[in-house]
Amino acid sequence: MDRIPNPNVIFPNEYKTSCYIKNVITAPNISVGEYTYYDDPVDPTAFERNNVLFNWPEFGDHLIIGKFCSIASGTRFIMGSANHRLSSISTYPFNVFGGVWSEKTPPHLSQLPFKGDTVIGNDVWIGRESVIMPGIRIGDGAIIAAYSMVAKDVEPYTVAGGNPARFIKHRFDRELTDLLLELRWWDFAPDLLADFLHVLCDPDLASVRRTIRQILGSRNGVSGDCENL
């Protein structure tokens, strides 16, 4: 299907306010899945420079963002090297200012607490001006409300918001959430995904549930019809 949007372009439409950011990333410790976009009316291609802060790859942490994520303007990801030393009586970064201070203190990055990788799942919507702190994991299908400070992990298919961000609600019941996590529609082949779009956009969740059960039943060798999506 030659009319399927190309995930390898920078600007997916004529407005040029949204950018498929995997195509403009250069840092070796940042990875972004296909069709994930950042929206910014000024320069969405500057995502890595303006929105991933304190990123020093040699520190060892990674920013991993899944497929089909929607990242609103002003969202910022704080990397681990933004931290200060917490294990001593002073948090001041003497080492970075040179001279005798550098001679008498350990290398700066070696003193910082390591929070691990920041991992954003697939089909995550992050609202405007949100801040994601180091080492946070946001599950598939989650929604982060605008102007949130995310300092704790967010479960799949939940809504979180506030400063600090807190759980607000589950998007769906447990059964439908589990079905979606097993389905992993974001990994569908492009032509199959195109045929499945009407299910992804259907507000009739009972019908959606039945369709997903059929697909998973067929995938797992259980009788079911998934030919007509």
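**Close-up views of a predicted model**

**View 1. Strand 14 (residues 158-162) and strand 15 (residues 165-170) run antiparallel and are joined by five bridges.** Strands (E, at least two residues) and helices (H or I, at least four residues) are DSSP runs, numbered from the N terminus. Two strands pair if DSSP finds at least two bridges between them. The link from strand 14 to strand 15 is a hairpin of two residues. Across this pair, Thr 158 faces His 170 of strand 15, and Val 159 stands opposite Lys 169. The model is predicted: local features need pLDDT of at least 70, side-chain atom pairs count only at pLDDT 80 or more, and totals for chains, interfaces and linings use all residues. Residues are numbered from 1 along each chain as its sequence is written, and side-chain values use heavy atoms, with hydrogens and water left out.

**View 2. Strand 14 also pairs with strand 12 (residues 143-144), in the parallel sense.** Two bridges hold this pairing. Ile 143 stands opposite Val 159 of strand 14; Val 159 is also the residue opposite Lys 169 in strand 15. Strand 14 is mostly covered, with four of its five residues buried. Buried means under 20% relative accessible area, exposed over 50%, and partly exposed in between (1.4 Å probe, protein chains only).

View 3. Strand 13 runs parallel to strand 10 (residues 131-132), and two bridges join them. In this pair, Ile 132 is opposite Val 150 of strand 13.

View 4. Gly 221 follows helix 5 and has a positive phi, near 85°.

**View 5. Helix 5 has buried residues, among them Ser 207, Val 208 and Arg 209.** Further along helix 5, Thr 211, Ile 212, Ile 215, Leu 216 and Gly 217 are buried as well. The cover over the buried residues of helix 5 includes helix 3 (174-183) and helix 4 (190-200), where contact means heavy atoms within 4.5 Å.
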